[in-house]
Amino acid sequence: MADKMMLIPGRTSKQGTSLNQGKFKDEYKEVTSTLEMNKDDMDKRGLVDGDKVRMWNEIGETIVSCIGKKTEDLSAGLLFIPYGPPSSQLMASDTAGTGMPLSKHMMVEIEKVK
Amino acid sequence: MANENENIKIVENATCTFCGCVCDDMELHVDLNEKRITKAKNACVLGRAWFAEHTIEDAPAAMIDGEEVSVDEAIEEAAQTLVNAKFPITYGLSDTTCEAQRQAVAISDYIKGNIDTTTSVCHGPSGLAFQGVGESTSTLGEVKNRADLVIYWGGNPAESHPRHFGRYAVTAKGMFTPNGKKDRTVVLVDVRKTKSAPVADILIRPFPGKDFEVLWALRALVKGSKLSSNIEEETGVPLETLSDLAERMKNCRFGVLFFGMGLTMTRGRHFNSGALLALTTDLNKYTHFVAMPVRGHGNVTGADNVVSWQTGYPFGVNFSRGYPRFNPGEFTTVDTLSNGDADAALIIASDPASNFPKKAIEHLKNIPVITLDTKNTHTTKLSHVAFRTATYGINTTGTVYRMDDVPITLRPAFDSPFPDDETILTSIKKRVHELVLAKHYAGGASGEAKVAAINPL
């Protein structure tokens, strides 16, 4: 499915605690590779919790696992991921003269990794 | 005060420097034999991890291209690399002391380089908005004692700043808020329902990328203008909700707008922060209202302060003409790397190779990088020269600024075998100064240039 979705990377408690343990430790890698997705959006794509998905845009791509969130928590069309190396793969470098890339407003596409 | 009891030391009123809350009421229990903190009383989940995981790792103090060298050899190589570069950049600085930050600015000045901090990819857009609109602000102590309307916009403090609610702004009991949360109304504005939502009396969820429109609509309502009811179609927020919030803001006794990356990292960037600051200014015609960015790293606010008082600008500063120039979008680090301008980088307490855009990371891999860090990171891994340094607030004293610009002195818990950032940067600065002087004399520089090179910073 080629619908574009909006990816919002951000801080979580687990991302913060695992960051202190070290960025090369398994927990940090797992936390920053787990994508939160609206359950209905997952159903449309035949995805269940733990499935691997390829997420890409014109900048790059990354493979992460997904978990479902209720619509009241995460609206359809939105994706959330604890920020880290996987989300950086999709970040454009244009800062529009501010120094700030659009770090929380990335349009991406998703497909199940078979 | 530290109390010695055999091999256990207790450090009272220590400071956690993990996030911008900079809580200075820690009671640290330190095992001096093991050189580790076994308990951090009063710390949040992030602070406990910060204190528990910063131990003394078995690692070289300095490396060049992955090989262990002496610290002196690494300082010489770092200084030579920086002096011989045409567009050297310095970046990071938000997780080190103000004393170390000051040395980094001096190095950048000597080498006519570029200096930028993690602010540029954090609240840099808010920094632009402060310059354009102004800032009505306060300390967190005033918020604790007085605020009866607390609004969080575009942030999730329950996960990013867990003690912000309890220590400063929501459940904290103050002089004029003796009942804590019962004396306040808490509003949360976010596109997601986050773990901060349970604390909110009012939860507002605009459509993504519509913060500016919502803030501008609130400005109109505060000023008494009528809005079309189709504002909900545009922003996702019903007119009644906006009208209710506007009235609450005008009629509170002391209001505060805390704002986060949801404004600065999305479409609109500094316009979003500027709209929020303008709304705050408008509200001061009716009541006392302040705004404050919720800052991420432990001393990112100090970085803004130090770079400002040394150069006149908070971040994105270039010395190539011999005097400081400020130009975000040109002298900010994502740009100097992505555009291929930088030909050497001094990275202090930061990991751009992990968190920057792909194009910037690719350029970082192609230039000599010097890093100072307490742990292995993606950036230390690609470094030409890597220094392992002591952790500020755990192994070293120094000054940090809380997110409300209040400076706090650090009380260290135990010694580290690694030198601290200030020591390394001071040594690099001295060697850089010698090399710059030698270059000027060898090159037959003008008298004015010689004087400029000789004057110590």
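Mentor: What follows starts with one helix of chain B and then moves to its surroundings.

This is a predicted model. Take helix 4 of chain B, residues 124-133. Eight of its ten residues are buried, so helix 4 of chain B is largely enclosed by the rest of the structure. The buried residues are B:Gly124, B:Pro125, B:Ser126, B:Gly127, B:Leu128, B:Ala129, B:Phe130 and B:Val133. They pack against three elements of chain B: helix 11 (261-264), helix 12 and strand 13 (288-293).

Now the helix partner. Helix 12 of chain B spans residues 270-283. Its axis lies 8 Å from that of helix 4 of chain B, and the two pack at an angle of about 45°. An angle of that value makes helix 4 of chain B oblique to helix 12 of chain B. Their crossing is right-handed. From helix 4 of chain B, the contact uses B:Pro125, B:Ser126, B:Leu128, B:Ala129, B:Gly132 and B:Val133. From helix 12 of chain B come B:His270, B:Ser273, B:Gly274, B:Leu277, B:Ala278 and B:Thr281. By class, this contact holds six nonpolar residues, six polar and no charged. B:Pro125, B:Ser126, B:Leu128, B:Ala129 and B:Val133 are on the buried list and also take part in this contact.

Next, the strands. Strand 13 of chain B, one of the elements packed against the buried residues of helix 4 of chain B, pairs with strand 12 of chain B in the parallel sense over six bridges. Within that pairing, B:Phe254 has B:His288 as its bridge partner. Strand 12 of chain B covers residues 254-259, and six of its six residues are buried. Both of its faces are covered. One side carries B:Phe254, B:Val256 and B:Phe258. The other carries B:Gly255, B:Leu257 and B:Phe259. Strand 12 of chain B also pairs with strand 9 of chain B, residues 149-153. That pairing is parallel and has five bridges. There, B:Val150 stands opposite B:Val256.

For contrast, look at another helix pair in chain B. Helix 3 (residues 98-110) and helix 18 (residues 421-442) of chain B pack at about 20°, with axes 9 Å apart. That angle makes helix 3 of chain B roughly parallel to helix 18 of chain B. This crossing is left-handed. Helix 3 of chain B brings residues including B:Glu99, B:Gln103, B:Ile107 and B:Tyr110. Helix 18 of chain B answers with residues including B:Asp421, B:Leu425, B:Lys429 and B:Val436. The contact divides into nine nonpolar, three polar and four charged residues.

Finally, the other chain. Contact between the chains takes 38 residues from chain A and 45 residues from chain B. On chain A, strand 1 (5-10), helix 1 (13-21), strand 5 (78-82) and helix 4 (85-88) each supply at least two residues. Helix 1 of chain A gives the most, with five. The chain A side divides into 14 nonpolar, 19 polar and five charged residues.

Conventions: Residues numbered from 1 in each chain as written. Chains lettered and ligands numbered in written order. Predicted model: local features only at pLDDT ≥ 70, side-chain atom pairs only at ≥ 80, totals over all residues. Contact = placed C-beta atoms within 7 Å. Helix = DSSP H or I, 4+ residues; strand = E, 2+ residues; numbered from the N terminus. Nonpolar A, V, L, I, M, F, W, Y, C, P; charged D, E, K, R; others polar. Axes fitted to C-alpha atoms, helices over the stretch in contact; angles between N-to-C directions. Parallel < 35°, antiparallel > 145°, perpendicular 65-115°, else oblique. Left-handed = near helix turned anticlockwise from the far one by under 90°. Buried ≥ 20, exposed ≤ 12 C-beta atoms within 10 Å, placed from the backbone. Pairing = 2+ DSSP bridges.
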